Amino acid sequence: MYWGPLYPSFVHIRELTRDPAHCLQQFVNERAGLQVSAAAVSLFADTPLQELEFLFESGVRTNMQAALTTFQAGVDALLHRAHRKSGRGDSAKTSNPSNNVHGILSNVTVSLIHDCKLRLEHDVQTALTLCMLPRLREKAADVLKVSVSSVVVVPCGIIVTTHFLHIFQAQLEDVLTSTSIPEALAPFLDAEGIVYDVLEDAAHRFVCDTLWKDAKVLLGRFDKLVRKWT
Amino acid sequence: MPMVLKSIAKPVLDTLAQPMRLIARTVTHALYKAHRDLAKVFHNKTREIVDCGMQVRCGPLHLSRRFGADTTHQTNMDVVHDASRMSSPVSRGM
């Protein structure tokens, strides 16, 4: 299958999303002192990988489109300026167009690399959050030992913690029944969604504060590319 | 985050921390390679197209003249290209 000029990029993405276990093993093989744990493999396997593949590939396509549009706009502006200057007759001041176009290309490449860094950060954080969510949800439902939707005390806008739940179990028993959500409001409230949002938020913060700090070291390599092409 | 579920979330997140570190580094590495290749393709292919366009299609002279440089070394291709550019769509029967 021919994927066009983006083929090399897509190969890396599809290696990761189509065969995550092999990709983890390959990554570990290239580095000493690391080992692939069964937990890591199963965690990765439980992630919605097709969703990730779509997210990553969309990012690559969007970045390429943005870069091409910016480059085109830069060349258009250059030609427009040159046209105006030639109309005014001050042609001697203009420089070699080839240099100008290459200058635009260098600037756009730097912008593209900047975009790539931002996109990579966003995509990695999203992927890791998605990776942890299934376990987090399972655990939450397990610990609460009740249907997740019945835990939310909607009229007061409070979500009950397990700690709170244990202490005030008796007092809250009535509230935690399905009657805690007034029937008239029930169709408009997604109690389960609220709990999941909170868990997602917790996972995202964990990713940003802990995991991303280790992983973002790799972004320094982009700066070498910038120096190479400018 | 509401005070909530923190007591549930934290121990789970702590348990997942170790395998997630490996996953984080693997995903970042794979995406780095994908974006590096994207930047390479953009830079190299565009440069190739620009160079090719300068030399063949537009002709170095045609563009140079347009930008006000010396026009003493005009090639046949430039002449042909200029002629086609100067004729209006009406005169070309379009």
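**Exercise 1. How many helices and strands are there in chain B?**

Start with the rule: helices (H or I, at least four residues) and strands (E, at least two) are DSSP runs, numbered from the N terminus. Go through chain B with that rule and you get three helices and zero strands. From the N terminus on, the pattern reads α-α-α.

Before you go on, some ground rules: residues are numbered from 1 along each chain as its sequence is written, while chains are lettered from A and ligands numbered from 1 in the order in which they are written. This is a predicted model, where local features need pLDDT of at least 70, side-chain atom pairs count only at pLDDT 80 or more, and totals for chains, interfaces and linings use all residues.

**Exercise 2. Is Val195(A) buried or exposed?**

Step one: find Val195(A) in helix H9 of chain A. Step two: recall that a residue is buried if 20 or more other C-beta atoms lie within 10 Å of its own, exposed if 12 or fewer, and partly exposed in between, with C-beta atoms placed from the backbone. Step three: Val195(A) has 22 other C-beta atoms within 10 Å, so Val195(A) is buried.

**Exercise 3. Describe the largest nonpolar core.**

A nonpolar core is a set of buried Ala, Val, Leu, Ile, Met, Phe, Trp, Tyr and Cys residues joined through C-beta atoms within 7 Å. The largest one has 55 residues, and Leu128(A), Cys131(A) and Ile23(B) have the most contacts inside it. Among the elements giving two or more residues to this core are H4 (49–88) and H5 (97–144) of chain A and H1 (6–57) of chain B. H1(B) gives the most, with 16 residues.

Now zoom in on Leu128(A). Two residues are in contact if their C-beta atoms, placed from the backbone, lie within 7 Å. Leaving aside neighbours within four places in sequence, Leu128(A) is in contact with Val207(A), Leu211(A), Met20(B), Ile23(B) and Ala24(B).

**Exercise 4. Check the span of H4(A).**

The expected span of a helix is 1.5 Å times one less than its number of residues. H4(A) has 40 residues, and 58 Å is expected. From first C-alpha to last, H4(A) reaches 59 Å, close to that value.
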